[in-house]
Amino acid sequence: MPPMTIQLPKQFQLLEKTLKEVQSLKEIVNNLKKSCQDCKLQADDNLEKDKDEVPDGGQVNQIQDLQSKVKKMSISLKNARSQITTLQDQLEKMNSVSMNSVEDYIDSKMANLSREINTEDKCSYNCPLLQPNPSKSVCMQLIYKDCSDYFKLGKRLNGIYHILPDPKNKTFEVYCDMESMGGGWTLLQNRQDGSIHFNRTWNEYKNGFGNLTGEFWLGNDKIHLLTKSSNMMLRVELEDFKGVKEYATYDQFYVANEYLKYRLSVSGYSGTAGDALHFSKLYNHDQKFFTTPDKDNDRYPSGNCGAYYSSGWWFDACMSANLNGKYYKSDYKGVRNGIFWGTWKGVNDESISSFRQSFKTVRMMIRPKDF
């Protein structure tokens, strides 16, 4: 396997070249200064020797030549100073390069290197170190950013896999769907039997909860890392108790970090379930913060949508979709706090006293857009 190297960004190459030019100019300036001093000393010596004598024509010409040289050197010195000032401005601009951008660049390179290793070494995640002796062959633990990386290397079984979307963080487990719609899907959420309640705190939604082989919420921190590592698309699958199945896909899906309250960015709808995430101007979940019963970040001025609907979600004021609502095993009456998708057929015909639509299964899953 050829040696692996990381090529530094062009900014660093330009910075190195600029520093060399500055050093060269400094040497030129120092030489000019020395020449000016020599000229001045020589002129002073001549004037000292001849101060009591009337200079003849040859001496006058010599002095004029020296003065002309000093003048030219002075002009050259000014030009050199001007160039130094320009280069200093360039250096200041170089210094303004964001270190975060540099770190992201290095992280991406590390991820690419990991993928190169993957193509050379077919060991699985659980492959142990065979021998501590460096003379013996060693099986290397590989890095996968999401389920699609496993799929590209031939993995075709649904199940739990270890991934590392961000090399600066630890690996964590996810459930991968390698069969549906081309495979390579990383599940963010699964509802199937009501065994796990979703009326949870901010920290629980932050870290995730449930069972990856059953019902679960992966965790907002992990969802952020996944959507940060690649341009992700979202697929939502719903099935009601009558056996009707529909889906909604979004070409762009991103969840910000906790500092930005896990703000949702979602767009590019297609599918059969309807675009409930962009229902209307009043109910639009795009660019909304995450809200939980104990942390109110929604746009409803008179209360907390998370507390009212007993779940965590990207509420507006309040919702046209809520896939984390209460799991009902049949249609129900009262507050619409169950799993909800506002564009589902027949939902708009419901009255306050009528039964609410319930869902048997719901899944949210993501995959790189360029998969």
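Lysine 206 counts as buried in this predicted model, with a relative accessibility of 18%, whereas its salt-bridge partner, aspartate 221, is partly exposed at 26%. The side chains of the two residues meet at 2.8 Å, N to O, and the pair links distant parts of the chain, since lysine 206 belongs to helix α5 (residues 202–207) and aspartate 221 to helix α6 (residues 220–229), 15 residues apart.

Arginine 200 and glutamate 204 form another salt bridge; here arginine 200 is buried, with a relative accessible area of 16%, while glutamate 204 is partly exposed at 29%.

A further salt bridge joins the side chains of arginine 363 and glutamate 237, both of which are buried. Arginine 363 lies in strand β11 (residues 359–368) and glutamate 237 in strand β6 (residues 232–240), so this pair ties together parts that are 126 residues apart in sequence. Arg363 and Glu237 also belong to a network of salt bridges that includes Asp177 and Arg235.

| Salt bridge | N to O distance |
|---|---|
| Arginine 200 – glutamate 204 | 3.1 Å |
| Lysine 206 – aspartate 221 | 2.8 Å |
| Arginine 363 – glutamate 237 | 3.0 Å |

In the whole structure, the search finds seven salt bridges. They are set in a protein chain whose secondary structure comprises seven helices and eleven strands, and 41% of its 371 residues count as buried. Among contacts between residues at least 6 apart in sequence, 56% join residues at least 24 apart. The accessible surface of the chain comes to about 21100 Å², with 51% belonging to carbon and sulfur atoms.

Conventions: Residues numbered from 1 in each chain as written. Predicted model: local features only at pLDDT ≥ 70, side-chain atom pairs only at ≥ 80, totals over all residues. Heavy atoms only, no water. Helix = DSSP H or I, 4+ residues; strand = E, 2+ residues; numbered from the N terminus. Buried < 20%, exposed > 50% of the residue type's maximum accessible area, 1.4 Å probe, protein only. Contact = heavy atoms within 4.5 Å. Areas by Shrake-Rupley, 256 points an atom, 1.4 Å probe, with all protein chains shown as cover. Salt bridge = Lys/Arg side-chain N within 4 Å of Asp/Glu carboxyl O.
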